[in-house]
Amino acid sequence: LTNHSSGKMGYAIADSALRAGADVTLISGPTNLNPPGVTKLHSVTTAEEMLRGVNEIIADMDIFIGVAAVADYRPKTVRSEKLKKSDASIQIELVPNPDILASVTSRSSPPFTIGFAAETTDLVPNARKKLREKKADLIVANTVGQGGVPFGTEFNSLILIDHRDEIDLGSGTKQLLADRLIMEIAPRYYATNPSSHS
């Protein structure tokens with residue numbers, strides 16, 4: 001999964017997985033990036049569409065990597081016409097977006113699941129909490145700094161977290177870090193699914 005704010009990282013991971021020999025299905029929100037030559041590409045606009053796309057394909061997936069920085073909330077009401085400016089204040093009611101990662105891990109037979117945690121403070125504790133609460137196999141943590149970095153840039157810093165350890169994947173281009181991440185995911189997936197190793 002990827003969207004406009006996490007597109008470069010998501011597309012880099014899809015490319016790395018392809019080069020590692022995987023069949024890759026990419027569910028992508030709006031972006032101006034050229035997608036890698038994935039096996040299947042699903043273009044979506046909203047969090048609800050992204051969840052529907054995941055539900056349509058997840059039963060056939062061995063590994064799920066949720067990179068998209070999906071907003072936690074959305075407006076309850078969407079207007080088709082422009083809201084005219086006035087001197088009166090307005091209130092916008094927000095409702096929760098679906099939790100796509102939790103919906104994947106709550107399945108009766110979930111795939112090997114990797115989520116991302118973009119944090120502004122307490123990176124590892126917050127990411128480890130997400131790992132437990134979402135029941136994921138791995139969480140990839142990165143700090144969001146001033147100006148929204150790493151969103152919209154070519155560079156990132158990642159820490160891979162499992163239920164015992166933390167592996168610092170270092171800093172570098174998103175493609176370099178994607179390559180490192182795929183190299184870490186593969187042996188962990190095969191350790192839990194030895195019959196899948198060919």
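In this predicted model, Phe112 and Tyr189 are both buried. They belong to the aromatic pairs of the structure, of which a search of the whole structure finds two. The ring centres of Phe112 and Tyr189 lie 6.0 Å apart and the ring planes stand at 75 degrees, so the arrangement is edge-to-face. Distant parts of the chain are linked by this pair, since Phe112 is in strand β6 (residues 112–119) and Tyr189 is in helix α5 (residues 174–192), 77 residues apart. Together with Tyr190, these two residues form one aromatic cluster.

Helix α5 also takes part in the lining of the largest pocket, to which it gives the most, with five residues. The space in this pocket amounts to about 910 Å³. Its lining comprises 31 residues, and those closest to the centre are Ala17, Ala22, Asp23, Val24 and Ile63. At least two lining residues are supplied by each of α1 (7–19), β1 (25–28), α2 (47–57), β3 (63–66) and α5.

Ten salt bridges are found in a search of the whole structure. Arg188 is partly exposed, with a relative accessible area of 22%, whereas Asp162, at 11% relative accessibility, counts as buried. A network of salt bridges that share partners joins Asp15, Arg19 and Asp179. Within it, the closest N and O atoms of Arg19 and Asp15 are 2.9 Å apart, and these two residues, four apart in helix α1, are separated by about one helical turn. Asp15 is partly exposed, its relative accessible area being 24%.

A further salt bridge is formed by the side chains of Asp99 and Lys134, with an N to O distance of 2.3 Å. Asp99 is located in the loop between β5 and α3 (100–105) and Lys134 in helix α4 (residues 123–134), so that parts 35 residues apart in sequence are tied together. For Asp99, a relative accessible area of 35% corresponds to a partly exposed position.

Notes: Residues are numbered from 1 along each chain as its sequence is written. This is a predicted model: local features need pLDDT of at least 70, side-chain atom pairs count only at pLDDT 80 or more; totals for chains, interfaces and linings use all residues. Side-chain values use heavy atoms; hydrogens and water are left out. Rings of Phe, Tyr and Trp (its six-membered ring) pair if their centres lie within 6.5 Å; planes under 30 degrees apart count as stacked, over 60 as edge-to-face and the rest as tilted. Buried means under 20% relative accessible area, exposed over 50%, partly exposed in between (1.4 Å probe, protein chains only). On a 1 Å grid over the protein atoms alone, a cavity is a set of points where a 1.4 Å probe fits but cannot get out, and a pocket is an open set with protein on both sides within 12 Å along at least five of seven lines; lining residues have an atom within 4 Å of a point. Grid points are joined across faces, edges and corners, and a volume is the space filled by probe spheres set on the points. A salt bridge is a side-chain nitrogen of Lys or Arg within 4 Å of a carboxyl oxygen of Asp or Glu.
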